[in-house]
Amino acid sequence: MYLKDFLLTLRQEYKQVQLIREIWMNKAYKERRMTSQIILSCHSIEKGLSLKKPRPGFGKQKIDKILSLIEEYQRCGYDMNHISIKMAFSVLKEYMAYQQGVGEIDTFQKSEIKKIIPQEYLNNSVKTGGTQQIKKKDITQIDKKEFERLITTRYSVRNFIDEEISLDDIKEAVKFALQAPSACNRQPSRVYVIDKSQRDIISQYLNGVGGFEDSAQKYLIITSDISAYPLSEKNQWIVSTGIFVGFLSLALHACGLGACILQRELYTTKENQSIAKYFNIPKEEQIICVICIGKYPETFNVPISIRYDVEDIVKVVK
Ligand SMILES: Cc1cc2nc3c(=O)[nH]c(=O)nc-3n(C[C@H](O)[C@H](O)[C@H](O)COP(=O)(O)O)c2cc1C
């Protein structure tokens with residue numbers, strides 16, 4: 001049994017690595033790869049600019065990289081309205097202003113930046129990246145009691161009423177969940193909304209993990225975009241999407257929707273491949289989990305799901 005599991009894991013790992021390799025080599029994924037690279041490089045400049053004392057002259061090589069990525073992206077005829085490009089224009093503008101202010105601007109770089117960014121960014125009417133100033137008084141007035149109520153009244157719900165959920169409610173929750181942090185702001189999470197009319201298909205896929213999925217009104221297939229991560233960051237997309245799913249569970253509850261996360265195998269199993277194909281989920285997205293959602297009944301039971309004591313979790317390392 002041990003050998004069988006070992007060989008299976010080895011095979012799945014191999015397939016996973018092959019898939020990542022394909023995504024990183026294949027031209028079909030180039031646009032997605034490039035947007036992630038642009039976000040990654042821009043975010044590194046944003047981080048530098050957010051420091052208490054940014055280092056004068058920092059980031060010259062990164063800026064060259066951003067400029068050449070945008071040039072190539074444009075040459076390839078890709079979508080210049082993508083958020084990565086919008087982010088880049090603002091980052092370049094703020095970087096140029098900062099370096100100019102500290103007398104460290106590279107004149108060649110300055111002219112390249114001015115050539116590439118649109119006028120509305122140069123005249124400050126648009127800001128879609130860079131840094132923003134936060135006032136402590138604006139972020140410390142949180143009602144802890146309300147937060148406690150939200151977090152302690154979220155349960156995994158396995159019993160829903162037969163009432164339609166609007167797409168707007170789901171979108172509202174997803175909008176909240178988009179505030180979740182993600183590694184270098186690459187935001188790999190995607191949400192596929194499946195209606196209960198597709199219940200037969202999804203139930204087959206969820207077979208054995210829930211047993212209550214027939215009561216759900218909608219199913220959210222949560223995926224993560226692998227193309228945002230190189231092989232050296234393998235599986236990091238699961239961390240960022242895991243955090244997103246945590247935020248989304250709370251957001252759904254805040255929007256009046258009950259939810260239960262259902263775990264599926266993370267690897268490219270036959271079941272994962274066939275459900276992805278059926279719902280047109282692209283190859284470069286890995287299914288992370290499914291969330292069953294629906295409206296709350298007047299009363300319902302949930303497991304107590306006792307939590308560990310804080311003392312069992314927090315270890316002070318001396
Ligand atoms: C990643 C993940 C996978 C889960 N998978 C399942 C599942 O397959 N079936 C199920 O009934 N509940 C599943 N759950 C719900 C957990 O059982 C539940 O979150 C846990 O018992 C704590 O209870 P609570 O969510 O009501 O606080 C999952 C939760 C998470 C976070």
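**Exercise 1.** Find the contacts of Ile 291, leaving aside neighbours within four places in sequence.

*Solution.* Start with the test: two residues are in contact if their C-beta atoms, placed from the backbone, lie within 7 Å. Residues are numbered from 1 along each chain as its sequence is written. The model is predicted, so local features need pLDDT of at least 70, side-chain atom pairs count only at pLDDT 80 or more, and totals for chains, interfaces and linings use all residues. Now list the partners. Ile 291 touches Leu 220, Ile 222, Ala 259, Cys 260 and Ile 261.

**Exercise 2.** Decide whether Asn 185 and Ser 305 are buried, partly exposed or exposed.

*Solution.* Take the cut-offs. A residue is buried if 20 or more other C-beta atoms lie within 10 Å of its own, exposed if 12 or fewer, and partly exposed in between, with C-beta atoms placed from the backbone. Asn 185 has 17 such atoms within 10 Å, so Asn 185 is partly exposed. Ser 305 has 7 C-beta neighbours inside 10 Å, so Ser 305 is exposed.

**Exercise 3.** Sort the shell around the ligand by class.

*Solution.* Ala, Val, Leu, Ile, Met, Phe, Trp, Tyr, Cys and Pro count as nonpolar, Asp, Glu, Lys and Arg as charged, and the others, Gly among them, as polar. The shell has 8 nonpolar, 4 polar and 1 charged residues.
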